[in-house]
Amino acid sequence: MTEKEKLHSGDLYLPGDDEIMQEQNIYLNLLFEYNSLPPYESEKKSALLKNMFAEIGDNCYIETPFHSNWGGHHVHFGSNIYANFNLTLVDDTHIYVDDCTMFGPNITIATAGHPILPELREKAYQYNMPVHIGRNCWLGAGVIVMPGVTIGDNTVIGAGSIVTKDIPANVVAVGNPCRVMREIGERDRAYYYKEKRIDWENIKQEDESWQR
C-alpha cells in the first residue's frame with residue numbers, strides 16, 4: 001500500500017510523501033484563488049467550490065478566509081450549507097456534512113491525528129479518521145470536532161465546545177469535552193431565546209406540518 005492509499009485507511013502514513021504533496025498542492029492553489037476573490041464574485045466562488053470539493057450541493061456558501069488542508073478535496077457537502085469566517089477543515093480524509101447545516105465563525109473540523117509515541121511523531125507519522133455531521137445541525141462559534149466523530153441530525157453544539165466523542169441526533173450538547181445537555185423538545189417550539197417567544201404567524205413557511 002502506498003502512502004497516498006493510506007490517507008483513507010486509518011493506517012499510519014507519512015504526509016510529506018511526494019505523490020501526496022503533488023496532488024495536495026493542486027487543491028491548495030484553488031483554495032488560495034477562492035480566498036482571493038472579492039465578496040461580489042459569488043458565481044466564481046460557487047464554481048471554484050465545485051472544483052475543490054469531493055461533493056457540494058446547491059446554495060452552499062463559505063465566508064473567507066476559509067482554511068483546508070486539501071482545499072476541500074475530501075469534503076462532501078450537501079445543499080444549503082453556510083459557514084462563517086475562518087472555517088478550518090483538516091480534510092486529510094473524508095468529512096461528510098448533510099443538508100442545511102450551519103457553522104459559526106472559527107470552527108475546526110479535524111480528521112488528522114498523530115501517535116502519542118514520541119518516536120513516531122518525531123518521524124512525522126499521521127493517521128486520519130473521517131468525520132460525519134448530520135442534517136440541519138448548528139455548530140456555534142469556536143467549536144472543534146475531533147477525528148472520527150459523528151454528530152446526529154438536528155443537533156446543536158454550543159459555542160466553544162470540543163467534540164471528542166459521538167453526539168446523538170436531536171440534542172443540545174456543550175462543553176469541553178462536549179456532552180449532551182438536553183434533548184430538543186416542546187419548549188424549543190415556543191421559545192427561540194430565553195423568554196423570547198416564536199411568533200409562528202410571522203414565520204414564513206411553505207409547509208406548516210413540521211411545527212406540529
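Is tryptophan 138 buried, exposed or partly exposed? With a relative accessible area of 44%, tryptophan 138 is partly exposed. The close-ups below come from a predicted model.

**View 1. Tryptophan 138 contributes to a nonpolar surface patch.** Tyr82, Met102 and Trp138 together make this patch of about 290 Å².

View 2. Zoom in on strand 8 (residues 108-110) and strand 13 (residues 144-145), and you will find parallel pairing over 2 bridges. Here isoleucine 109 has valine 145 of strand 13 as its bridge partner.

**View 3. Tyr34, Phe53, Phe66, Phe77 and Phe103 form a cluster linked by ring pairs.** The count of aromatic pairs is 4. One of them joins phenylalanine 53 and phenylalanine 77: the ring centres are 5.2 Å apart and the planes lie at 70°, so this pair is edge-to-face. It links distant parts of the chain, 24 residues apart, with phenylalanine 53 in the loop between helix 2 (42-52) and strand 1 (61-62) and phenylalanine 77 in strand 3 (residues 75-77). Phenylalanine 77 and phenylalanine 103 are stacked, because their planes are at 20° with the centres 6.3 Å apart. Phenylalanine 103 sits in strand 7 (residues 102-103), 26 residues from phenylalanine 77. Both phenylalanine 53 and phenylalanine 77 are buried, and phenylalanine 103 is buried too.

**View 4. Charged side chains lie over tyrosine rings.** The charged end of lysine 45 is placed over tyrosine 34, 5.4 Å from the ring centre. Arginine 187 lies over the face of tyrosine 191, 4.1 Å from the centre of that ring.

Terms used
Residues numbered from 1 in each chain as written. Predicted model: local features only at pLDDT ≥ 70, side-chain atom pairs only at ≥ 80, totals over all residues. Heavy atoms only, no water. Patch = residues over 30% accessible without salt bridge, like charges linked within 9 Å, V, L, I, M, F, W, Y side chains within 5 Å. Areas by Shrake-Rupley, 256 points an atom, 1.4 Å probe, with all protein chains shown as cover. Salt bridge = Lys/Arg side-chain N within 4 Å of Asp/Glu carboxyl O. Buried < 20%, exposed > 50% of the residue type's maximum accessible area, 1.4 Å probe, protein only. Pairing = 2+ DSSP bridges. Helix = DSSP H or I, 4+ residues; strand = E, 2+ residues; numbered from the N terminus. Phe/Tyr/Trp six-rings, centres within 6.5 Å; stacked < 30°, edge-to-face > 60°. Lys NZ or Arg CZ within 6 Å of the ring centre and 35° of its normal.
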